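Please read it beside the sequence and the coordinates.

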Amino acid sequence: MSILPVLNRSQSPRKRYRRNTRSFNFSRRSKRIIFHHRVRSLLLFLLGLIIIQSSFLVCKMMGGYMIGEYNTIVLTEYDAVIIGAGWAGLKAAQTLLDSGISSILILEANGYAGGRAVSINTDGPINSPGVVGSPNNLPTELGCEWLYITSGNMENDLRSNGVMPVEPAKKNDREKYSIDFYNAQYYAQTVSADGIHETKRIENISRLQTEIWGKFIKDKSSVKDKSYADAMENHKKKNTLKGKLPEQYLNLMNSIIEVEYAGDSSALSSTESIALRSHVHYMAVPGLGFGNIAGKYAEQFKSKIELNAKVTKIDYEDEQNNIITYVKDGKTKKVSTQAVLVTVPLGVLKAKTIEFVPSFPEWKQEAIDNMGFGVLNKCVMSWNNPGDAVWPVDKFWLELITLNEASSDKWTTFFNPTQLKKIPVLVGFIGGQAAIDAESQTDDEILDDVMKNLKSMYPTITKPNKVVITRWLKEDTARGSYAFKKVNRVWMEDIKNLQRKTKRLWFAGEATYRTPGTTTGAWNTGETAALAMASVLRNPILNPI
């Protein structure tokens with residue numbers, strides 16, 4: 001019996017030895033190859049980590065990390081991003097910070113904070129914090145010029161935190177800041193029997209205000225919603241107006257309505273109340289300036305604001321990772337955030353210069369498309385010589401009643417802040433469709449139209465030394481002035497849909513407030529939206545999307 005029962009008898013001992021030797025040698029070579037492969041893989045992995053870490057370090061120095069396209073940098077994620085550094089955005093930012101939400105960013109398309117509050121200064125750049133309190137600086141306001149003191153805490157907040165110099169809150173001081181068309185100085189163009197054109201000063205306007213305007217207000221309140229233009233035409237047909245002056249006066253009041261609300265009278269709802277006297281704080285006096293105040297307010301969190309950052313796209317599909325794309329200095333950038341507050345003007349939303357992904361729900365887009373958003377422009381004129389003020393300095397408003405309806409809405413309302421600014425200044429206003437049409441004119445053509453009306457009132461008036469003319473419809477970051485209540489629309493339902501959040505996209509601004517066209521409306525809605533955002537960010541489980 002064999003003593004090697006486990007071996008294959010078909011192989012001789014020599015063959016079996018050679019085979020086992022080859023197997024052993026192959027095993028050792030395989031192990032060396034595997035070892036070298038693993039070492040090489042480990043080295044490549046470590047090299048890759050070094051490259052990635054280096055890339056992250058470089059991007060971190062630039063403010064974020066790279067994804068997708070090679071030329072796109074995505075910044076570090078923020079808890080909240082605010083689109084627009086107007087009064088709504090600024091108040092929202094402060095409210096978020098006060099609520100403990102410190103990881104925020106404000107993206108502002110303009111090169112200054114303030115939005116439609118714009119101060120051009122004699123002693124500094126646009127919206128300069130440094131000129132606030134300086135009695136030598138004279139601001140010229142291109143946008144909002146008055147701060148309403150009857151609603152909200154905006155004025156008190158600005159005073160208490162030292163942003164706006166404290167002034168005596170005496171009634172007499174308040175009165176001088178009033179918008180008061182009842183006590184304006186009115187002039188009427190006339191044609192004598194022999195065809196001579198002249199302009200007369202109306203000494204007693206109260207009769208026209210009581211008998212003509214008062215009766216129209218009563219008539220319009222008794223009918224269903226119409227446009228102001230239709231309501232006025234119906235009133236003229238219904239009532240026999242004695243003489244030419246009452247009809248001319250109604251035409252002027254139609255123009256004043258367009259100046260007050262920025263909307264054309266053919267689109268403005270007659271249900272809108274007429275505030276011909278409002279207690280406000282005039283902001284364009286030496287040492288102030290509404291835009292300057294906005295700039296100073298923004299100083300406290302200026303590190304959170306990125307100027308000249310034009311937002312082009314907001315992707316809010318993923319509630320936890322909203323991606324905002326914007327362009328700055330010709331470069332495309334992106335940020336990621338958990339919550340977005342949109343405070344851009346309604347005109348920008350209408351123009352669709354920002355792409356929203358996904359598209360807005362039908363109820364929101366319908367409100368955007370059909371709400372009223374008007375145009376109000378100014379021609380601000382100043383003279384160097386105090387003797388150039390040939391108009392009554394003690395009257396804040398100067399109104400011209402023209403000969404016909406076609407000319408009644410073209411530069412017939414003038415604000416006179418001469419006694420407040422300490423130099424001769426007049427501000428001409430134009431609103432509605434007339435303002436839109438005027439934007440196609442040159443500055444010289446506009447000034448000629450303005451001076452023609454002023455010369456009819458004050459024949460010895462000279463051309464101003466300085467002129468600034470606004471064109472708000474052509475401003476890409478505004479596309480108009482402010483919202484108005486449109487005929488055949490339910491305003492409260494419109495602002496509810498405009499303000500209503502979509503996923504983690506909130507909205508604020510003057511167009512989302514119950515009374516549009518005011519800075520206090522922007523301020524209040526910014527605060528309300530920010531408080532809601534803070535609540536969700538602090539308690540995401542208790543506040544689902």
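## Terms and basis

A residue is called buried under 20% relative accessible area, exposed over 50% and partly exposed in between, with a 1.4 Å probe and protein chains only. Helices are DSSP runs (H or I, at least four residues) numbered from the N terminus. This is a predicted model, in which local features need pLDDT of at least 70 and side-chain atom pairs count only at pLDDT 80 or more, while totals for chains, interfaces and linings use all residues. Residues are numbered from 1 along each chain as its sequence is written, and side-chain values use heavy atoms, with hydrogens and water left out.

## Helix H13

In H13, the buried residues are Ile446, Leu447, Val450, Met451, Asn453, Leu454 and Met457. Because they cover an arc of only 160° around the axis, they lie on the same side of H13, the arc being that of the directions from the helix axis to the C-beta atoms. The face turned away from this buried side carries the exposed residues Asp444 and Lys452.

## Helix H8

Eight of the ten residues of H8 (residues 290–299) are buried, so this helix is largely enclosed by the rest of the structure. The buried residues are Phe290, Gly291, Asn292, Ile293, Ala294, Gly295, Tyr297 and Ala298.

## Contact of H5 and H6

Ile212, Trp213, Lys215, Phe216, Asp219 and Lys220 in H5 meet Tyr228, Ala231, Met232, His235 and Lys238 in H6, where contact means heavy atoms within 4.5 Å.

How values were computed:
Helix = DSSP H or I, 4+ residues; strand = E, 2+ residues; numbered from the N terminus.
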